[in-house]
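Student: I would like to go through one part of this structure and check the terms against their definitions. Where do we start?

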Amino acid sequence: MKKEFSPSLVPHRSGVYVYRNRFGEVIYVGKAADLRRRMSSYFQPSRREKADPKLRSLINAIYDWSFEVVRTPEEALILESRLIKEYAPYYNILMRDDKRYLMLKLDMSEKFPTLRTTRVKKDDNCRYFGPFPHGGALKSTLEYLLCRFKLRACRSDSPGEEERKRCMKRFVKDCCAPCTGKVSEAEYRANLDAALAVLEGDISGLREELKAKMAAESAAQRFEKAAAWRDVLSNLETVFGRVNRSFERPELPGGNPPGMSGVKSLQEALALAHPPRRIICFDISNIGGKLAVASMVAMRDGKPDRDEYRRFRIRTVEGSNDFAMMKEVIKRRFLRLMEEKRPFPDLLMVDGGKGQLSSAIDALVEINAPPLPVIGLAKKNEEIFTPGDSEPLVLSRHDGALKMLQLLRDESHRFAISYHRELRNKRLTESLLDEIPGVGEARKKALLKHFGSVRGLRKATPEEVAEAVPGIGITLAESILRKIGKKEWQKEQKGAIFPENGSAVVK
């Protein structure tokens, strides 16, 4: 049933709104400084008549709507961008790019760690802060923090003699020059800890310090300097004082966990003897059977239980057979639970219809698992399939039980796709080695075994690569590092500089 729009249900607040089509698919994500005013504009008959074809098509496709209130327009901007990149709504064509907001990165494995900007968060054991929507303010603030806490701004924490001679930061005393031995590692880390306190949101000390400098410069009638300190304070408050830096993935608006009310509604809808307080859901992700993976996500008392999330590589199934894959992963998971004598969930759900449900039941029967409730949720019409019933259970789109199942299903889908994408990107990265003359399958395996990954290989020097694998000399090692795009190493040879893409540019 189509959900009618009621302006009285939407506040005059900043936030993000989400529109879905008749199948429950996200078709548009938008932000607004005033949610009621913006969302109401879509449902005005006059606008429907005057709208361009694209907007008219969107308006006609809206069957359900939801929203999420945030504290500031900046938070709305971040949340909107994340949801668009995750769900790729059909009507958000203009925002389907790879632009990401800036973050701050800190590599604690360095001898003298420092802060750098980045747009991509990687699984590299580094600390990340952000994202921050105001890139200009962030860069200016970062420059101030590096100078204020005397942190190094150079790329290497062990620069050579020539680099130290040309270091202007050392001469103007904007850096404590740890590379010269002027300060110890402990003293440098103390400065870094003070900077990290600011990144965690404690800017009260700096705010008072900057206000005092502004007042002193104004009293001395040095108004340009006072204005400069005013701009520093403004940028600092913009970045750290008024923006909520979220480090966790936000929930989809309208998809906030329903809690125990949803659990009780689901117990009634499925006629269960006990409340399904612990629910797990499985999903399969693959492209033509390649890099097939499965995900398992969990809910406890109607809220995500991320400690129980698991992901699996499919081991025994060849080709594109989602039913067999579902059967394999459920057998593996429940056999593990039985071997470890751990409790079963109160409800098992699979993403799919009768086929996936039958596969799940067959898996449980084959391992002689104790009986437990099992259901399948088919996405097209949001039908709930249960064992032994020929007809599916169809709940109202506004039912708390269905919303909870949809949240769990969508989360399992996201988790499976993210794992599949991770493996696909890793495969594409490692395939770079296949394109290098002189690197066959044996040498490729030896390199990956020794360095762990292409990422690890990028950190090596030509000498380390040559020593790691017999038969690889310095020349081939240099070629390998150029081909995989090593950034830190640039070799000058015979008047040429070799940039990241491997082509030679004559000086």
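This is a predicted model: local features need pLDDT of at least 70, side-chain atom pairs count only at pLDDT 80 or more; totals for chains, interfaces and linings use all residues.

Student: What makes strand β8 (residues 290-300) mostly covered?

Tutor: Of the 11 residues in β8, 9 are buried. Buried means under 20% relative accessible area, with exposed over 50% and partly exposed in between (1.4 Å probe, protein chains only). Residues are numbered from 1 along each chain as its sequence is written, and side-chain values use heavy atoms, without hydrogens and water.

Student: Why is β8 said to pair with strand β10 (residues 310-313)?

Tutor: Two strands pair if DSSP finds at least two bridges between them. β8 and β10 are joined by 4 bridges, so they count as paired. They run antiparallel, and alanine 294 has phenylalanine 312 in β10 as its bridge partner.

Student: What joins β8 to strand β9 (residues 303-304)?

Tutor: There are 2 bridges, in the antiparallel sense. Arginine 300 stands opposite lysine 303 in β9. β8 and β9 form a hairpin with 2 residues between them, and aspartate 301 in that turn has a positive phi of about 55°.

Student: Why is β9 called a strand with the residues 303-304?

Tutor: Strands are DSSP runs (E, at least two residues) and helices are runs of H or I with at least four, numbered from the N terminus. The chain has 18 helices and 17 strands.
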